[in-house]
Amino acid sequence: MSNATVIDYTDSDGKGTVTLVANPFEKGGKYYAKFDRTTVNIDHLIARIQKKEVGTNAIMAKHIASLFKAEILEALGRGEAVNIFDLGTLYITTNGKVKGDTPQTATIPGFQVKFTCSKITNDAVSALGIKKIVISDSSPIIGTMTDLFTGEEGTAFSAGKAIRIEGRRLKISGDDGGIFFAHATEKGEPDSDEAKWIKVSRIIRNVSKILEFFLPSELETGVPYCIVLKTNSTSGKATRKTYSLACSNPVTIAG
């Protein structure tokens, strides 16, 4: 039986991408930074060991690793904290706030495991470099727009009929969110006076990749508008405190 681990991966070069994400809270800076993650698994680690220690048996190494894994889980199940090769400690804590003011009335919400890094673990990343810094953009992305009455894609739509917008991160949420029609300026940008925007009231489909809605009756034919999407939705079920905007190219309404 071969002792080689067959995998396909490339070693990282010691430099990574830092993504700046807008901070939704009042305290702190405008952004917080995330070091983009590249994950290696036990196969990668064993393959790297084999390069340095020729003759290492991959199957035996995996077996020993599985034994360590089982013993660590058993120790945690007994309520013990576990020092993981001096890299840090797995320890047990309560899963949320304790309800009740006395030991007799206290309700423990269950338990979870956390990890505290050791100094040598943190020292291992002290020499990391930054390849590039980018800003995370969570704004909606407008792709194609289709007149559902005529079935045609484009920027001209039938008055009073429904249209479909396809794209990414389109879902509308938030009390101040919505789909709006703003008069387009000569530069093809939406009028900055939000009080003049016309809000869509009849949304018939509202998901991340598709919006379907009826055009407001107040829209004038032949007048250029920008469709503005305003939402505080995220990719999950949560919402942000701040709103993201997306604007279409100018569109017109046909009689």
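Colleague: What makes the crossing of α1 and α2 right-handed or left-handed?

Modeller: A crossing is right-handed if the near helix is turned clockwise from the far one by less than a right angle, and left-handed if anticlockwise; the crossing of α1 and α2 is right-handed. This is a predicted model, in which local features need pLDDT of at least 70 and side-chain atom pairs count only at pLDDT 80 or more, while totals for chains, interfaces and linings use all residues. Residues are numbered from 1 along each chain as its sequence is written, and side-chain values use heavy atoms, with hydrogens and water left out.

Colleague: Why is α1 called oblique to α2?

Modeller: The axes of α1 (residues 42-52) and α2 (residues 58-77), which come within 10 Å, cross at roughly 130°. Angles under 35 degrees count as roughly parallel, over 145 as roughly antiparallel, 65 to 115 as roughly perpendicular and the rest as oblique, and therefore α1 is oblique to α2.

Colleague: How do you know whether Thr-146 is buried or exposed?

Modeller: Buried means under 20% relative accessible area, exposed over 50% and partly exposed in between, with a 1.4 Å probe and protein chains only; because Thr-146 has 8% relative accessibility, Thr-146 counts as buried. Thr-146 lies in strand β7, residues 141-147.

Colleague: What makes β10 and β14 a pair?

Modeller: Two strands pair if DSSP finds at least two bridges between them, and β10 (residues 178-183) and β14 (residues 225-233) pair in the antiparallel sense over six bridges. Ile-179, for instance, has Leu-229 in β14 as its bridge partner.

Notes
Helices (H or I, at least four residues) and strands (E, at least two) are DSSP runs, numbered from the N terminus. Axes are lines fitted to C-alpha atoms, for helices over the stretch in contact, and angles run from 0 to 180 degrees between N-to-C directions.
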